[in-house]
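Welcome! Take a moment to look over the sequence and the 3D view, and then we can walk through the chain together.

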Amino acid sequence: MSRALCSLADLGATGAKEIVLTKDGARYPVFVIKDDAGVRAFENICPHVRLPLNAAEDVFFDVTRTILVCVNHGAHFDPVTGVCLRGPCKGERLRAFPVTLDGDAVVMG
Ligand code: FES
């Protein structure tokens, strides 16, 4: 069974949307992104010191929308793989959640 997370329209302004997943009483901060490679979702916790990547709502991409940036200490992440390409956690990766498109809806699975 798929679970809708957000719509494509939610991603229009910044290319990303913050949401909170809940499972068995636990809350998981997640952000969904869309770019030319499609839609993906990552836990909004930086592998460096486990802080949220963003300071401004729904802002995760750099100005070119080709890199995800952690505002805390400047780590750069590949938006396809979630791997840190530059910064204090180079080589580590964001936790990814499987998502697909179902029409205009981004769904888990
Ligand atoms: S918490 Fe993300 S780079 Fe330090």
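Let's begin at one turn. Between β2 and β3 there is a hairpin with two residues between the strands, and in it D24 takes a positive phi near 55 degrees. Strand β2 covers residues 16-23 and strand β3 covers residues 26-35; the two pair in the antiparallel sense over eight bridges. Here two strands count as paired if DSSP finds at least two bridges between them. L21 stands opposite Y28 in β3.

This is a predicted model, in which local features need pLDDT of at least 70 and side-chain atom pairs count only at pLDDT 80 or more, while totals for chains, interfaces and linings use all residues. Residues are numbered from 1 along each chain as its sequence is written, and side-chain values use heavy atoms, with hydrogens and water left out.

## On to the next strand

β3 also pairs with strand β4 (residues 38-43), in the antiparallel sense and over six bridges. These two strands form a hairpin as well, with two residues between them. D35 stands opposite G38 in β4.

Strand β4 also holds E43. Is E43 buried or exposed? E43 is buried, with a relative accessible area of 9%; buried means under 20%, exposed over 50% and partly exposed in between, using a 1.4 Å probe and protein chains only. Leaving aside neighbours within four places in sequence, E43 is in contact with Y28, P29, V30, F31, L94, R95 and F97, where contact means heavy atoms within 4.5 Å.

## Two residues in a loop

Now look at the loop between β4 and β5, where D58 lies. Phi of D58 is near 65 degrees, a positive value in a residue other than glycine. D58 is buried, with a relative accessible area of 10%.

R65 lies in the loop between β4 and β5 too. Its phi is near 60 degrees, again a positive value in a residue other than glycine. R65 is partly exposed, with a relative accessible area of 35%.

## A three-stranded sheet

Further along, an open sheet of three strands has the order β5-β6-β7, with antiparallel pairing. Its edge strands are β5 (68-69) and β7 (84-86), each pairing on one side only. β5 and strand β6 (residues 76-77) run antiparallel and are joined by two bridges. The bridge partner of V69 in β6 is H76.

## The chain as a whole

How many helices and strands does the chain have? There are zero helices and 10 strands; helices (H or I, at least four residues) and strands (E, at least two) are DSSP runs, numbered from the N terminus. The radius of gyration is 13 Å, close to the 13 Å that the globule rule gives for 109 residues, so the chain is as compact as a globular protein of that length. That radius is taken over C-alpha atoms, and the rule is 2.2 Å times the number of residues to the power 0.38. Along its principal axes the C-alpha trace spans about 40 × 35 × 25 Å.

Buried residues make up 39% of the 109 residues. Among contacts with a separation of 6 or more, 44% come from residues 24 or more positions apart. The chain exposes about 6000 Å², and carbon and sulfur atoms supply 53% of it; accessible areas come from the Shrake-Rupley method with a 1.4 Å probe, and for residues only the protein chains shown count as cover.
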